[in-house]
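Please work through the following exercises with the chain open in your viewer, trying each task before reading its solution.

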Amino acid sequence: MSLGRFPATRLRRNRHDGFTRRMVAENRLSVDDLIWPIFIIEGQDTEVPVVSMPGVSRVSLDRLAGHVATAVRLGIPAVALFPVTDPAKRDEEGTESANPDNLMCRAARLLKAEFPALGLIGDVALDPYTNHGHDGVLRDDYVHNEDSVAALVTQSLNQAQSGIDILAPSDMMDGRIGTIRAALDAHGLIHTRLMSYAAKYASAFYGPFRDALGSGSLLRGDKKTYQMDPANSDEALREVELDLAEGADMVMVKPGMPYLDIVRRVSERFAVPTFAYQVSGEYAMLMAAANNGWLDRERAMMESLLAFKRAGADGVLTYFALDAAQALTR
Ligand code: PBG
């Protein structure tokens, strides 16, 4: 490839006008790329702001349809639901996750009835339901792999039967994708998709999310025996490979911005639908700076989201989904 030589070649020429910049743009963000995570809470006529995530609230179910209608109107393809479980309903085993009338299942039924064409993504893990804040069940203070997977299977069937279209296991247990897939198929749920949190790191950037769910103060210890070490990159490829072999339809890398190198490696190596999660701490950082007048909120938001596309992501879970969709449709 001849790279050309200055002054015959001037790369600034194509940058001279907006029209050529648009013509040569290699990546574009569209509303189809956005997935909106939503926190749901018990109660009536309630919206409880998440202090560490300015602009984000936990909404009660009677307000949920109104809340989601904006996303549907803007063309956002899917929302990801995260339930705030009443502390009284949390226990050692996370049994509320199996209750067909839990907050998650009621939200799914309600949204499916109201917006049949909207994609519903359900987080599969036990941390919203356990009194110790871990994503699985403890045996001698260790998050037990197979016992946790068994609970995740029950939770998955429960969510799928309530209308969740895409199950998103965020727990990082070994072997859960294959076991969940087999159980779904055995129940005739062949269309239920699996978006695996395949490469999920033990990250400090989940702090505001744990505030939102009320699981941060409960968490005993840390999640390093199941979530990945931030030092590792090759291991992410093995995680993704295993989940694909077990039947994952889509894979995810999480967190997002600090792990764009992983998004790039995964999308290049496997060429499968690859998503990234711009997590709560990333949102909190950008909003804190914007609210201090240190960053231009909209420009930083759009640039950060475009970066995911450039890294090879097919879509992004982001708390900015509504604002970004608004900016894109203006
Ligand atoms: C837990 C889960 C977490 C997030 C999504 N699902 C937190 C954790 O692993 O502790 C984080 C999302 C965010 O920070 O926005 N199953």
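**Exercise 1. Which residues lie nearest the centre of the largest cavity, and how many residues line it?**

Step 1. In this predicted model, the largest cavity is lined by 14 residues, and those nearest its centre are Asp127, Lys200, Phe209, Lys223 and Lys254.

Step 2. Turning to the elements around the largest cavity, β9 (193–200) and α6 (207–213) each supply at least two residues of its lining.

Step 3. Sorted by class, the lining of the largest cavity has seven charged, five nonpolar and two polar residues, and the volume of this cavity is about 100 Å³.

Step 4. Lys254, one of the residues nearest the centre of the largest cavity, is also joined to Pro255 by a cis peptide bond, with omega about -5°. Pro255 itself is placed in the loop between β10 (250–254) and α8.

**Exercise 2. How many cavities of 30 Å³ or more are found in the whole structure, and what lines the second largest cavity?**

Step 1. The search of the whole structure finds two cavities of 30 Å³ or more.

Step 2. The second largest cavity holds about 50 Å³ of space, and the residues lining it include Glu42, Asp86, Lys89 and Glu96, together with Pro83, Val84, Leu103, Met104 and Tyr129. Thr85 and Asn102 are also among the lining residues of the second largest cavity.

Step 3. By class, this second lining has five nonpolar, four charged and two polar residues.

**Exercise 3. Describe the largest pocket by its volume, its lining and the elements that supply that lining.**

Step 1. The largest pocket contains about 190 Å³ of space.

Step 2. Of the 13 residues that line the largest pocket, Trp36, Gly55, Val56, His67 and Tyr319 lie nearest its centre.

Step 3. At least two lining residues come from each of β1 (34–41) and α11 (321–329), and β1 gives the largest share, with four residues.

Step 4. Eight nonpolar, three polar and two charged residues make up the lining of the largest pocket.

**Exercise 4. At what angle do helices α7 and α8 pack, and which residues meet where they do?**

Step 1. Two packed helices are described by the angle between their axes together with the distance between those axes.

Step 2. Helix α7 (residues 234–246) packs against helix α8 (residues 260–270) at an angle of about 45°, and their axes are 10 Å apart. Because of this angle, α7 is oblique to α8.

Step 3. On the α7 side the contact is made by Asp234, Ala236, Leu237, Val240, Glu241 and Leu244, which meet Ile262, Arg265, Val266, Arg269 and Phe270 in α8. By class, seven nonpolar and four charged residues take part in this contact, and no polar ones.

**Exercise 5. Where does Pro7 lie, and what is the phi of Asp140?**

Step 1. Pro7 is placed in the segment before α1 (18–24), and a cis peptide bond joins Phe6 to Pro7, with omega about 10°.

Step 2. Asp140 is not a glycine, although its phi is positive, at about 55°. The location of Asp140 is the loop between β6 (138–139) and β7 (142–143).

Methods. Residues numbered from 1 in each chain as written. Predicted model: local features only at pLDDT ≥ 70, side-chain atom pairs only at ≥ 80, totals over all residues. Heavy atoms only, no water. Axes fitted to C-alpha atoms, helices over the stretch in contact; angles between N-to-C directions. Parallel < 35°, antiparallel > 145°, perpendicular 65-115°, else oblique. Contact = heavy atoms within 4.5 Å. Nonpolar A, V, L, I, M, F, W, Y, C, P; charged D, E, K, R; others polar. 1 Å grid on protein atoms, 1.4 Å probe; cavity = no way out; pocket = protein on both sides within 12 Å on 5 of 7 lines; lining within 4 Å. Points joined across faces, edges and corners; volume = space filled by probe spheres on them.
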